[in-house]
Amino acid sequence: MSLKKVLVTGGAGFIGSHTAVELVNAGYEPVIVDNFSNSFPFVLDNLSQIVGRSLTFYEADCNDKEAMGRIFAKEQFYGVIHFAAYKAVGESVQKPLAYYHNNVGSLVVLLELMAEHKVKHLVFSSSCTVYGEPEKLPVDENAPVQKANSPYGNTKQICEEVIQDTVASGQELKAIALRYFNPIGAHETSLIGELPIGVPNNLVPFITQTAAGIRKELTVFGDDYDTRDGSCVRDYIHVVDLAKAHVRAIAYASEQSETSLYDTFNLGTGDGSTVLELVHAFEKATGEKLNYVVGPRRSGDVEKVYADVTKSSEVLGWKTEISVEDALRDAWNWQLKVKDQVFEPTK
Ligand code: NAD
Ligand code: WQD
C-alpha cells in the first residue's frame with residue numbers, strides 16, 4: 001500500500017522540518033515545498049540523514065498557483081500542513097503588505113487547490129498570539145480572540161477566519177488550526193533546529209547565541225511585571241512535541257465522520273516559565289553561565305500567557321513529553337553544531 005502523502009509547506013523551516021521527521025516516523029510520506037525565504041537547502045540533506053532516505057522536495061513559492069497546481073496534480077496529496085509564512089512580528093509592522101500577501105495569500109492559493117484536487121485534510125500553523133493578553137489563565141480555546149497588536153498576529157487571525165469561512169461554505173474540508181505557544185529546542189541529533197536570520201528576536205536563540213559568545217549579553221525585557229519574579233511568563237514547548245501534534249491532528253481529522261469541520265487546539269505544556277526562570281534553567285541544563293542584564297520592557301509584550309491543554313489532551317489525545325530543561329539542552333547542542341555562524345537572508 002502506498003503511503004499517504006502530506007504536503008508540508010515551509011518544510012525546510014524550524015517547525016516544518018521537525019514535523020517532516022515525525023510524519024515519516026508515523027508512516028506518512030511528507031512532500032516538502034519551500035522557497036528558502038527563511039531557511040537553507042542544507043536542511044534537506046540533514047533531514048535525509050535523520051530519516052535515512054531522501055524526501056520529495058520542490059523549491060516553489062506557495063503563492064505561485066501555477067507551480068503549486070503542478071505539484072498538486074503530480075502528488076495527489078492526502079493532506080496539507082501549512083507552515084509557510086513570514087513570522088517576524090517587528091518586520092510585519094514595517095512591511096504589512098508583504099505579510100498579508102505571503103501569509104494570507106498562500107493560504108487562499110492552497111485552499112483553492114485543495115478544492116480543485118479534492119484534498120480534504122488541512123492543518124494550519126496558528127499562534128497563541130490570537131489571545132493577546134488573556135483575561136483568564138491558563139488560556140483555553142474558547143477565550144476570545146483579541147485585536148491583534150501586529151500585522152503578523154492579524155494574519156493568523158485572518159487565516160483562521162478564511163479557513164472557517166471555507167469550511168462553512170460547504171467545501172469538503174476537515175481543518176485544524178493549531179495555536180502554538182512558544183516553540184523551542186531542536187532535534188536530538190542536532191541536525192535540524194531553529195535558524196534565526198541575523199539578530200534573533202526570540203528568547204531562546206538569543207540565549208544560546210549569547211552563551212556561544214556571538215552576542216555580548218541578553219537583555220531581559222522588564223522585571224516589573226505582575227509575575228513571580230517580575231519577568232514575563234510564557235509556555236515554552238519542545239519543537240518535537242509540537243511536531244508530533246501535527247501528525248496527531250492529521251489523523252484526528254481523518255477519524256472524524258463529518259465531511260467538513262473546523263477546530264482549534266492549543267499546543268503548549270500547560271506550564272508557564274518566566275524569562276528569568278528560563279535563563280536559570282538554561283544555566284542548570286547546560287552548565288553555561290549566561291551574561292544578562294535587566295532592561296526596559298519591550299513594547300507590545302504580553303505579561304503572561306500559558307496554555308490550558310485539556311482539549312488537546314482529551315480530544316486530540318496529545319500531550320507534551322519533553323521537559324523545558326531538555327529543550328534548552330537540545331537548543332544548546334544545536335547552537336554548538338552551527339557554532340558561531342550567523343545566518344543571513346538568502347533571498
Ligand atoms: P520558519 O521561518 O523557520 O519556517 C517557515 C518556512 O516557510 C521557511 O523555511 C520559509 O523559507 C518558508 N516559506 C515562507 N514563505 C513561503 C512561501 N511563500 N512559499 C514557500 N515557502 C515559504 O518558521 P517556523 O518557526 O518554522 O514557523 C512555522 C509556522 O508556525 C509559521 O506559520 C509561523 O507563523 C507559525 N508559528 C511559529 C511560531 C514560532 O515561535 N516559531 C509560533 C507560532 C506560530
Ligand atoms: C519570549 C519572552 C520577551 C528576547 C513571539 C511572537 C508570537 C509567537 C512567538 C509566532 C518575552 C522575552 C525575548 C530577549 C527577553 N510567534 N525576551 N529578551 O514574545 O512570546 O512571542 O514568538 O506566532 O507571535 O510575538 O516570544 O521569544 O520573542 O519572547 O527578555 O532578547 O522573552 O520579552 O517575555 P513572544 P519571544
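Biologist: Which atom of ligand 1 is 3.1 Å from an N or O atom in the side chain of N35?
Modeller: A nitrogen atom of ligand 1. That's a polar contact, meaning a pair of N or O atoms within 3.5 Å; within protein, one must be able to donate a hydrogen and the other to accept it, and residues adjacent in sequence count only if both atoms are side-chain atoms. Keep in mind that this is a predicted model, where local features need pLDDT of at least 70 and side-chain atom pairs count only at pLDDT 80 or more, while totals for chains, interfaces and linings use all residues. Residues are numbered from 1 along each chain as its sequence is written, chains are lettered from A and ligands numbered from 1 in the order in which they are written, and side-chain values use heavy atoms, with hydrogens and water left out.

Biologist: And what does the side chain of D34 sit 2.6 Å from?
Modeller: An oxygen atom of ligand 1, counting from an N or O atom of that side chain. The side chain of N102 likewise has an N or O atom 2.7 Å from a nitrogen atom of ligand 1.

Biologist: How much of ligand 1 does the protein bury?
Modeller: 96% of the 820 Å² that ligand 1 exposes when taken alone. Those areas come from the Shrake-Rupley method with a 1.4 Å probe; for residues, only the protein chains shown count as cover.

Biologist: How many residues surround ligand 1?
Modeller: 26, and D34, N38, S39, N102 and Y152 are the closest. A residue counts if one of its heavy atoms lies within 4 Å of the ligand.

Biologist: OK, ligand 2. What does T219 do there?
Modeller: A backbone N or O atom of T219 lies 2.7 Å from a nitrogen atom of ligand 2. On the side-chain side, D301 has an N or O atom 2.5 Å from an oxygen atom of ligand 2. The protein covers 87% of the 680 Å² of accessible area that ligand 2 has on its own.

Biologist: Which residues are closest to ligand 2?
Modeller: S127, Y152, T219, R234 and D301, out of 19 that surround ligand 2.

Biologist: Zooming out, what share of the chain is buried?
Modeller: 57% of the 347 residues, where buried means under 20% relative accessible area, exposed over 50% and partly exposed in between (1.4 Å probe, protein chains only).

Biologist: And how big is the C-alpha trace along its principal axes?
Modeller: About 55 × 45 × 40 Å.
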